Amino acid sequence: MTLKGGILHFAFMAASAVFLLATGTQTGVIVILLIAWGITLLCVQSAGYIRRRNRLRELECIMDELDKKYLFFECIPRAPGAYERRLFTLFRRAGKSMIQAVSDAQAAQQEYREYVESWVHEVKTPITAAQLICRSAEPPIRQKLTQELAQIEAHVERALFYARAESPEKDFIIRQTNLEDIVSEAVSQHRTLLISNGVQVETKDLEHIVYTDGKWAVFILGQLLQNAARYHGDKPMITLSSRLLGRQVQLTVHDNGIGIPAHELTRVFDRGFTGSNGRSRGGSTGMGLYLCRKLADSLEMNLRIVSVEGMETTVYITFPVRSPQSE
């Protein structure tokens, strides 16, 4: 019973008592009637409360057992009362409308993702053609055009991986991969950027087998190399090394660049965060490290950054535990 309903009941009981007194009914009889009325009302309300409580517990159990909570109104038993049946009918209509809206949004997102992937593959053709044309240009022009085309290709590749990051499990294949091959491929893909920025690359202790998707790992490492090249200092150097941590393998990417301010370290993996370095040097989208963390999580790789502003940045990539039997 609501507060308003309780007040109305008491007001009606008081009015009835006044009426009975006015008609000459004995006080004792009125008191007995009011007590009987109150007890009956209490019993009725208690029974209603217990019934509603049991019904809610039944519905909560159904909800807890469902993996897909949005199917709740399709799984509940028939409502005992007309009011509850009408109410659940409205909820079902609202739920179906919501599911349809979500399905339409997912379909539109899937179409857009497929379009982006198709566009990326198509745009790579003119980029490759432009790179071939650059070979016949004068050395100064060739160097500049090659550098800019490499940047365009990197942005296009980032767009492709961003589109695929929404459902990475459909694209990656975990298998035994030589860590040295991953590093060599990443360095080779970004050779132009590294050379144009005068960055030296040193590798050591990379003779390890890791269990990951080579293509995605190369992309993650490539983003780190791009950042190290873009935010380099004097006599830039990138050192890539690895070590065993039990059955895990940890790859370390160290550079002697301008570093990251301490107060920004907790935000470098946030989507769209460019930081003070990105704003001062320009060209940053704030998507590179965000994608690295997103893809690393999908591959169960641990990604951690340690940096000293003005001195160095070190990124630790720990590959997950796998065994040949678990492939």
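**Contacts, core and salt bridges**

Tutor: Start with Val-253. Leaving aside neighbours within four places in sequence, Val-253 is in contact with Leu-221, Leu-224, Ile-238, Thr-239, Leu-240, Thr-313, Thr-314 and Val-315. Keep in mind that this is a predicted model.

Student: Which residues have the most contacts inside the largest nonpolar core?

Tutor: Val-253 is one of them, along with Ile-220, Leu-221, Ile-238, Leu-251, Ile-317 and Phe-319. That core has 45 residues.

Student: Which helices and strands each supply at least two residues of this core?

Tutor: Among the helices, they are helix 6 (179-189), helix 7 (191-196), helix 8 (214-230) and helix 10 (288-298). The strands are strand 4 (237-245), strand 5 (248-255), strand 6 (302-308) and strand 7 (312-319).

Student: And which one gives the most to this core?

Tutor: Helix 8, with 10 residues.

Student: Switching to Thr-212. Where is its place?

Tutor: Thr-212 is in strand 3, residues 209-212.

Student: Is Thr-212 buried or exposed?

Tutor: Buried. The relative accessible area of Thr-212 is 1%, and the cut-off for buried is under 20%.

Student: What does Thr-212 touch, not counting residues up to four places away in sequence?

Tutor: Ile-173, Ile-174, Arg-175, Thr-177, Ile-182, Ala-217, Leu-299, Met-301 and Phe-319. Phe-319 also came up among the residues with the most contacts inside the largest core.

Student: New topic. How many salt bridges does the structure hold?

Tutor: It holds 2. Arg-55, Glu-58 and Glu-84 are linked in a network of them.

Student: Take Glu-58 and Arg-55. What is the N to O distance there?

Tutor: 3.3 Å, between their side chains. Both residues sit in helix 2, 3 residues apart, so about one helical turn separates them.

Student: And the N to O distance for Glu-84 and Arg-55?

Tutor: 2.7 Å, again side chain to side chain. Glu-84 lies in helix 4 (residues 82-134) and Arg-55 in helix 2, so this pair ties together parts that are 29 residues apart in sequence.

Student: Is Arg-55 buried or exposed?

Tutor: Buried, because its relative accessible area is 13%. Glu-84 counts as buried too, at 18% relative accessibility. Glu-58 is partly exposed, with a relative accessible area of 36%.

Student: Where is Tyr-70 found?

Tutor: In the loop between helix 2 (27-65) and helix 3 (72-75). Tyr-70 has 45% relative accessibility, so it counts as partly exposed.

Student: Zoom out. How many helices and strands are in the protein chain?

Tutor: There are 10 helices and 7 strands. The radius of gyration of the chain is 34 Å, well over the 20 Å from the globule rule for 327 residues, so the chain is more spread out than a compact globule.

Student: What box do the C-alpha atoms fill?

Tutor: Roughly 120 × 50 × 40 Å, taken along the principal axes.

Student: And what share of the residues is buried?

Tutor: 34% of the 327. The chain exposes about 20,200 Å², with carbon and sulfur atoms supplying 57% of that.

Student: Last one. Of the contacts with a separation of 6 or more, what share comes from residues 24 or more positions apart?

Tutor: 67%.

Definitions and conventions: Residues are numbered from 1 along each chain as its sequence is written. This is a predicted model: local features need pLDDT of at least 70, side-chain atom pairs count only at pLDDT 80 or more; totals for chains, interfaces and linings use all residues. Side-chain values use heavy atoms; hydrogens and water are left out. Helices (H or I, at least four residues) and strands (E, at least two) are DSSP runs, numbered from the N terminus. Buried means under 20% relative accessible area, exposed over 50%, partly exposed in between (1.4 Å probe, protein chains only). The radius of gyration is taken over C-alpha atoms; the globule rule is 2.2 Å times the number of residues to the power 0.38. Contact means heavy atoms within 4.5 Å. Accessible areas come from the Shrake-Rupley method with a 1.4 Å probe; for residues, only the protein chains shown count as cover. A salt bridge is a side-chain nitrogen of Lys or Arg within 4 Å of a carboxyl oxygen of Asp or Glu. A nonpolar core is a set of buried Ala, Val, Leu, Ile, Met, Phe, Trp, Tyr and Cys residues joined through side-chain atoms within 4.5 Å.
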